[in-house]
Amino acid sequence: MTLKHVNAVVIGAGAAGGVVAKELAVAGLSVVLLERGKWYSPFDCRKDDLRNQRVTALGSAFGPDDERYVRVFVDAEGQEQIVTPSDGNYHNNAACVGGGTFSYGALAWRFMEKDFRMRSTYGAVEGGTLEDWPIAYQELEPFYEKAEWEIGVAGDDSNNPFKGPRKKALPMPPLPPNREHEILQQAAELLGLHPFHAPTARNTVPYNGRGACMRCRWCVGFACEVDAKCGTHNTVIPKALATGNCELRTECVAKEILTNAQGRATGVAYFDARDRLQEQPADLVVVSASATESPRLLLNSQSQLFPNGLGNRYDWVGRNLQGHAYAGAYGLFDFDVYDDLGPGATIAICDYNHGNSGVIGGGALANEFVRLPYFFSQLRLPDVPRWGVGHKDAMRKWFKRHLAVHGPVQEISVFDSRVQVDPRVKDYWGIPVVRLSGLNHPKTLETARYIALKAEEWLQAAGAVKTWLKMPGRGLSGSQHQAGTCRMGNDPKTSVVNKFCQVHDIGNLFVVDGSVHVTNGGFNPALTIMALGYYASDYVVKEWKGTKFKG
Amino acid sequence: MRKATKLTRRRFIQIAATAAAAGPAISCRQATSPWRFLTVKEAQTLGSICGQIVPSDQDPGAKEAGVVNYIDRQLLGYLKRHQKAYREGLAGIDQTSLALAGREFTELPLDQQLDVLKALERNEAPGRVWKKRSAKAFFDLVVNHTMQGFYGDPRHGGNRDGVSWRMLGLPYPPIRGRQQYDLTSSPAPKVKSAP
């Protein structure tokens, strides 16, 4: 059924989609915001350590569900398997209003200046597609600031000499340090590093009409029981709805983007909550469905004019899938380091993001979020059996005496690490599913090892009696930090969108999410995705006033 | 005479109805395990295995935590895709025990039970079932589910009374937040508002 025409339809109510919907609605455009998941509330927190977005022993709490969603995963040996969202190889990100920001750990980093100039900094890398962004840090800076103040970020990076210049401090102070933080702070200073309070989108004081963090141990992977974590679900999306210009439709699964004979986007076909096929016509279409689902939607939108899907004239859609090669170390101590004071991930260093001799790039290091008992039981401690009395003894001995430091190591993008649509497998609605294949660049693993050794050094300086490394595998990464699959660039032959997130040959179609990242920084990408949302919206609103999109 | 016949018929119907209702109930009670998916025998075998994976000592183990209850419950829920693995695998463990020690698993002394489990872990367990199913994969599955049942949230049927959290020194029931205890450890933060 064809629905009432609107100015803009935004697909995906996550980190970017929520921001775009709000910015356009505030500017007076009529907006429909489509979301395949539900709108959960803090009451859905449940603090279930076997069923959340990080531990999926009994499924994922905030979707997508295992009943209707599948993907095809091709492993390092070329073996295909069909995987469901609770399987790690699905490379899941939550499906709900707020997307990943509903249940994330909420680290809210700005990328550094060099993160936008990886090719200029490190040169071309054989077997990789390392490239500069078409925009510089300075162009995104005002939008980083806007995101920090509208979404709400706490922290204190005044002791971080490596950060890009900022005009305004963060709006909220950091949390008081817990014992882990204090131990690592002393050790970092001993090593001559520059430890500081990591920026997190979490209320540490009442802000934006919501209360402060109560410091429980269920944070990353869980909804916030007291609504102190800040995502798009409790900031910009309610603001978008309050304008009266935005309609949020949940449990709506986009099927394809519709185009006309002139090669312009005309709207979106989607299945509504009752599985009825609907058509939403619009002046412009914004795809913010994540770096795996956005390329899937573009590739599934085939027509005579676009036989290989939209924006895919030169076969770049779905390419360069990257996440982060998480690397770090664990340490065991002969004194208690655990004080049951959440959420963790409060102390960070950026000393090893760039300028590491012999390797390309690097990553921020921070302490890990609180490890719950089941999560800890799954760590392989050296010389400790997996089961039996030896394992139980180790749990008793080390649970309160272990620390984890790790960081998102920036990856060298690889052309063949990619999202395709599978030629055979379809989901519940009959839509061809994501097919994931490819490997990490070998040089990324060298950087990861470098960073892991630095993490180990930090733990040893903190007094760890035993340490061991945590290293990423060869397989591709995506998951919550997925990015890169609709690259932003000036040359239509080697990218999918231009510097304003506009698909090169379709003026009224935008991709705004992690997909457009050329490289993914050595940081959790959420704030950058939000900043891109503000940045792209700014362009759309300015152009809109010149009626450029009114076909 | 007619009246008597009528009464008899009514009485007959009553008896028939009672028998019809009671019959299956009685036979059902005789055949049913107190478990949801497992048979009584399977539950005993699984209980012995879980008891080796997290043994009871000065602290409660898998037995006291109700790990079998967790697995049994989840085999009809989220873990139902593993039903066949458990049905065949638990039978296979008895085959291995018989081959290695001449007795079924639950009847073995504890140290011999360990030998059987280690043979499974090495994937060198004798038994008909292990010709088409990996002994190691099944054992890994049970180890993982036992850890879930022992350390996971009690709402799912294991970790009864939070025994594992108490063992690790975590407060149970969990303290929901600690901010209220720590406000004195730093100066009161300044409240700012959004622009």
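## A loop residue of chain B

Arg36(B) is partly exposed, because 13 other C-beta atoms lie within 10 Å of its own; on this scale, a residue with 20 or more such atoms is buried, one with 12 or fewer is exposed, and partly exposed falls in between, with C-beta atoms placed from the backbone. The loop that holds Arg36(B) runs between helix H1 (2-31) and helix H2 (40-53) of chain B. Helices (H or I, at least four residues) and strands (E, at least two) are DSSP runs, numbered from the N terminus.

Beyond its neighbours within four places in sequence, Arg36(B) is in contact with Asp72(B), Arg73(B) and Leu76(B), where contact requires C-beta atoms, placed from the backbone, to lie within 7 Å. Arg36(B) and Arg73(B) are 37 residues apart in sequence, and their C-alpha atoms are 6.6 Å apart in space.

## Basis of the model

The model is predicted: local features need pLDDT of at least 70, side-chain atom pairs count only at pLDDT 80 or more, and totals for chains, interfaces and linings use all residues. Residues are numbered from 1 along each chain as its sequence is written, while chains are lettered from A and ligands numbered from 1 in the order in which they are written.

## Interface between the chains

In the interface, 37 residues of chain A are in contact with 33 residues of chain B. On the chain A side, helix H3 (137-152), helix H7 (373-377) and helix H8 (389-398) are the elements that give two or more residues. H8(A) gives the most, with 4 residues. By class, this side of chain A has 22 nonpolar, 6 polar and 9 charged residues; Ala, Val, Leu, Ile, Met, Phe, Trp, Tyr, Cys and Pro count as nonpolar, Asp, Glu, Lys and Arg as charged, and the others, Gly among them, as polar.

## Domains of chain A

Chain A is divided into domain 1 (1-43 + 88-104 + 109-152 + 231-323 + 482-551) and domain 2 (154-222 + 325-409 + 441-474), with bounds from an automatic or database domain assignment. Taken over C-alpha atoms, the centres of the two domains are separated by 30 Å. Their contact takes 24 residues from domain 1 and 29 residues from domain 2. H3(A) supplies the largest share of the domain 1 side, 7 residues.

## The sheet

An open sheet of 7 strands in chain A has the order S5-S6-S12-S13-S14-S11-S17, with antiparallel pairing; two strands pair if DSSP finds at least two bridges between them. Strand S5 (154-156) and strand S17 (466-470) of chain A each have a single partner strand, so one side of each is left without a neighbour in the sheet.

Strand S11 (residues 325-332) of chain A is joined to S17(A) by 5 bridges, and the two run antiparallel. Tyr330(A) stands opposite Trp468(A) in S17(A).

## Nonpolar cores

A nonpolar core is a set of buried Ala, Val, Leu, Ile, Met, Phe, Trp, Tyr and Cys residues joined through C-beta atoms within 7 Å. The largest one has 203 residues, of which Val31(A), Phe510(A) and Met530(A) touch the most other members. Helix H10 (residues 526-545) of chain A gives the largest share of this core, 11 residues. Domain 1 and domain 2 of chain A both give residues to this core, so it lies between them.

Leaving out residues up to four places away in sequence, Phe510(A) touches Leu284(A), Val286(A), Val287(A), Cys501(A), Gln502(A), Val503(A), Ala536(A) and Val540(A).

Technical notes. Contact = placed C-beta atoms within 7 Å.
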